[in-house]
Amino acid sequence: MASDLPPPYTALTRHPMMPRASHDEAARFNFLTHFNRYLSGAIGAGNRLAYEKRVLPRFRAEHGRDPRHRYEIRDAMDRDPWHRAWSAMKRNSMEMRQHNGRQIVLRQLDEIDGMAAQYNARSGLLELDSAIEQPPYQTAVDIHCQPGGYHGGERDGDVAVGANYDVGLFATTGGALGGLNDGGGQAVVEWLRAEHPEWRPRRVLDIGCTVGHNAVPIAQAFPDAEVIAIDTAAASLRYGAARAAGLGVGNIRFVQANGEDLSRWPDGHFDWVQTTMFLHELSATAMPRLLAEANRVLAPGGLILHLEQPQYSDEMPLFEQFMRDWDAFNNNEPFWSAMHAQDLKQVMKDAGFGRDCQFTIGVRAVVDPAIFPPSPDAGEEDFGRAAIWNAYGAWKAIPDAEVRAA
Amino acid sequence: MSDDFDWIAAAGRRAKGKRPDYFDDPGLDRLYSMVLAMAAELSALRERNDTVERLLEANGTLRREDIEAFVPDRVVADERGLATRAYVSRIMRGFQQELEAMEADDPPIQHWVDQLAQD
């Protein structure tokens, strides 16, 4: 019975930059961890029940047909008392996570900022560029209901948003990402070790890295590689660079840059370009631009990999699409809906990755099983939040001329 | 912390972006926020109580820094996790039973009042 209990907050690794949570602050996250799992598991099932028992029959009676789009289901479910109450609780849970995280971080902001400044002055891992502007898709709303988004702050040069992201990710994901919230990066590393054990990347680019929690495990797994982790948000990069330095990682650099314009790096510079749960934070025009740039800086024979939740397809039931869309409308993830409705394989092809060099794999967060139980999955899925992803990837084709020469 | 920085006010700032209205009466939206925050506070208080009991049991006395430094081992963490799960189950009883009711599709009780008056 205890086997699927989420771990307590104290199971998180207390790396040097991790803001210290008091006993009660940790206990509040423990409540939220349990509450989130309860909402997605035991009573999350009520949404389907409400849909099948009353929402769908009423829709059929009103329209004389079944819903044709997930948005029609959303309009109907948004009038259902069960779904309203469930959504209100889930939204509040996210807001409480942000509030608790910000109380932890802001009451000790002087210490955290001071420590970050010390690490960043000594480590050489941070490279900011004040000319980089925040793109509109990052500033339209505060993503994930995090006040300040990933770029804002309480004062110039602070690390509040990065620190808050790091302290609270545990509660949002029900403790499924492991001690360093790095289960996604660990999953990619494990896949490479199993499927391509001989492959050794030399230069890796992680786009949209925020605090680098998924880029650091790549740097750790390939100590001879040089990892460049980019983001437009200086506030996240400052924290991420200090966090990596605190963890003793030296082969990573946090660079302020926009993935839509990678012109500072020459063609074919990297042999691995990675994004993790990032493409859905872009926009319809930004995503193809970013992928085309990723294609340009990737060397022939190199790997591009995107970890995302599964794309919607005609095979995916509309109700599941509607449930997976929840975060777009309730958790300030405005591109989530449109992005997941795209045919990502076609988007990749348009960016220069031919279909014959593409692949998709399923991966789940790799965590220490002695401390962390498995993420809830089939039948108890937290739509869009489970630590189970589809990886959309490609090995960039090597031009025929180069193959012949080699 | 700098004297001129009100971290309590800053921590409570809203996120940019219009918040959905979940209920027709905005008062209900506010009430959900309060009830859930209080539920979290009570849960934290119960966990603190558990920590205090364990420290007293082990040491016979109490220092506040020991409360802050307390890290449950796996066995204790599971005991506390089960207690939190049971607590969540208690405060969520109404919703969980409503879910069961949706599944059961019982007729109104009047149906059985009438039925048994005749049978």
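Biologist: What percentage of the 406 residues in chain A is buried?

Modeller: Keep in mind that this is a predicted model. A residue is called buried here if 20 or more other C-beta atoms lie within 10 Å of its own. Among the 406 residues of chain A, the buried share is 53%.

Biologist: What radius of gyration does chain A have, and why does that agree with a compact globule?

Modeller: The C-alpha trace of chain A spans about 65 × 55 × 45 Å along its principal axes. A compact globule with 406 residues would have a radius of gyration near 22 Å, so chain A agrees with that, its own value being 21 Å.

Biologist: Let's look at one strand. How many of the 5 residues of strand 2 of chain A are buried?

Modeller: Strand 2 of chain A covers residues 203-207. This strand is mostly covered. The number of buried residues in strand 2 of chain A is 4 of 5.

Biologist: Which residue is the bridge partner of A:Leu205 in strand 3 of chain A?

Modeller: Strand 2 and strand 3 (residues 226-231) of chain A pair in the parallel sense over 5 bridges. Together with helix 9 (residues 216-221) of chain A, these two strands make a right-handed β-α-β unit. Within strand 3 of chain A, the partner of A:Leu205 is A:Ile228.

Biologist: And which residue stands opposite A:Leu205 in strand 5 of chain A?

Modeller: Strand 5 of chain A, residues 270-276, also pairs with strand 2 of chain A in the parallel sense, over 3 bridges. The residue of strand 5 that stands opposite A:Leu205 is A:Val273.

Biologist: Which residues touch the most other members of the largest nonpolar core?

Modeller: That core holds 115 residues.

Biologist: Is A:Arg28 buried or exposed, and why?

Modeller: A:Arg28 has its place in helix 1 (residues 23-40) of chain A. Leaving aside neighbours within four places in sequence, A:Arg28 is in contact with A:Asn100 and, from the other chain, B:Ala40 and B:Ala44. Because A:Arg28 has 26 C-beta neighbours inside 10 Å, the residue counts as buried.

Biologist: Which helix of chain B gives the most to the side that touches chain A?

Modeller: The contact takes 49 residues from chain A and 44 residues from chain B. On the chain B side, helix 1 (7-11), helix 2 (26-59), helix 3 (64-69), helix 4 (74-91) and helix 5 (93-104) each supply at least two residues. By class, that side has 24 nonpolar, 9 polar and 11 charged residues. With 11 residues, the helix of chain B that gives the most is helix 2.

Biologist: What radius of gyration does chain B have?

Modeller: Chain B has 6 helices and 0 strands, and its C-alpha trace spans about 70 × 45 × 20 Å along its principal axes. Of its 119 residues, 13% count as buried. A compact globule of 119 residues would have a radius of gyration near 14 Å, but the value for chain B is 23 Å.

Note on methods. Residues numbered from 1 in each chain as written. Chains lettered and ligands numbered in written order. Predicted model: local features only at pLDDT ≥ 70, side-chain atom pairs only at ≥ 80, totals over all residues. Buried ≥ 20, exposed ≤ 12 C-beta atoms within 10 Å, placed from the backbone. Pairing = 2+ DSSP bridges. Right-handed = clockwise from strand over helix to strand, strands pointing away. Rg over C-alpha atoms; globule rule 2.2 N^0.38 Å. Contact = placed C-beta atoms within 7 Å. Nonpolar A, V, L, I, M, F, W, Y, C, P; charged D, E, K, R; others polar. Core = buried A, V, L, I, M, F, W, Y, C linked by C-beta atoms within 7 Å.
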